[in-house]
Amino acid sequence: MTATEQAAAGLRIETMAPMRLGEVLQAPGEVVDNAYGVTLITPRVAALVVRRHAKLGDEVASGAALVTLSSVEVAEAQGELRIAEQEWKRVAALGRDAVSGRRYTEAAVAVEQARAKARAYGLESNAAGPANGEFTLYAPHAGRLTEDDFVIGQRIEPGDTLFRLVDESTVWVDATLPAEIARRVVVGKEATVVAAGVSLSGRVVQSAHRTAEDTRNAHVRVEVPNDGDQLHAGDFVEVSLSVDGSGIDQLAVPTEAIVQLQGQTVVFREKAAGEFEPVPVKAGAVVGDHTILATGVASGDRVVVAGTYALKAQMLKSQLGEGHGH
């Protein structure tokens, strides 16, 4: 074939050389909240809701006031702290020489106990503010309020969730794969998440350690920076995961370079410029869009890797022509 004919047929020729193959896996995935960025806003003492300062869906800054509660126990703790602080200031001002050692120690212990009790209730460990039992819960970090389950005047027990605060700057995507394939995914590898036509880069942070009994599938977790707030928990996405091959350099060709000819699996090798011959090969494993060649070609051979079917058609046509000639 002349250079013009090769170009018209779409032929592309490459010199064979050992390569280390990798594979890109496609898998469905579901966006879930990054659990390390989730905080449940709960009181540590039974209380009534007095005022709300934020509502469902709000994006709040770290330290923002969320809800004010009122509690009899907190009022008692605030009163005890105020009294203990005042007594300690008076005793400390007098000094150890003016008061007995027992009184000095009792005042010091009392103020420490009152401060510890205040901290246990989630209060500031000082006597500032009134002792009316009201206290406010603040956002420990920036994020979005994704749950809001209370009304003004409701009695809240310790541990009851008022708000669920989620830092959405990063999210997790759980990709679902057959268990035997999921085990090949390496933690730390890059991954791509496609949502609504937008591609986002991520990183594998957890490989599969559990297989679902009913589906025999497993999850691979990808952490994705959520710039622009494009991903939300519950979204379904597509995930591309890069998987290493065997770790051994091997001879391989694009799978489309391999054809069947007269009952044999062959590739076309360039004998000389413009001259090609079919070479029987033994095809090995398919990794991604490449097939490993166990035998038939050697490093340095020039092999047709694109346009193979056009070359096969021309060869068959030529053979038919020769047949008619006889």
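**D174**

The model is a predicted one. Is D174 buried or exposed? Its relative accessible area is 12%, so I noted D174 as buried, the cut-off being under 20%. I then checked its side chain and found a polar contact of 2.8 Å with the side chain of R221.

**Helix 2**

I moved on to helix 2, which covers residues 72-94 and has 23 residues. From first C-alpha to last I get 33 Å, close to the 33 Å expected at 1.5 Å a residue. At its start, a side-chain oxygen of S71 comes to within 3.2 Å of the backbone nitrogen of E73. Just after the helix, G95 has a positive phi of about 90°.

Which residues of helix 2 are buried? I listed V74, A77, Q78, G79, L81, A84, E85 and V91. Their cover includes helix 3 (101-120) and strand 7 (134-138).

**A283**

My last entry is A283, in strand 20, residues 282-287. The relative accessible area of A283 is 42%, so I put it down as partly exposed. Neighbours within four places in sequence aside, A283 is in contact with I258, T291, I292 and L293. I also took the C-alpha to C-alpha distance from A283 to T255, which is 9.5 Å for a separation of 28 residues in sequence.

Note on methods. Residues numbered from 1 in each chain as written. Predicted model: local features only at pLDDT ≥ 70, side-chain atom pairs only at ≥ 80, totals over all residues. Heavy atoms only, no water. Buried < 20%, exposed > 50% of the residue type's maximum accessible area, 1.4 Å probe, protein only. Polar contact = N/O pair within 3.5 Å; in protein donor to acceptor, adjacent residues only side chain to side chain. Helix = DSSP H or I, 4+ residues; strand = E, 2+ residues; numbered from the N terminus. Expected span 1.5 Å × (residues − 1). Contact = heavy atoms within 4.5 Å.
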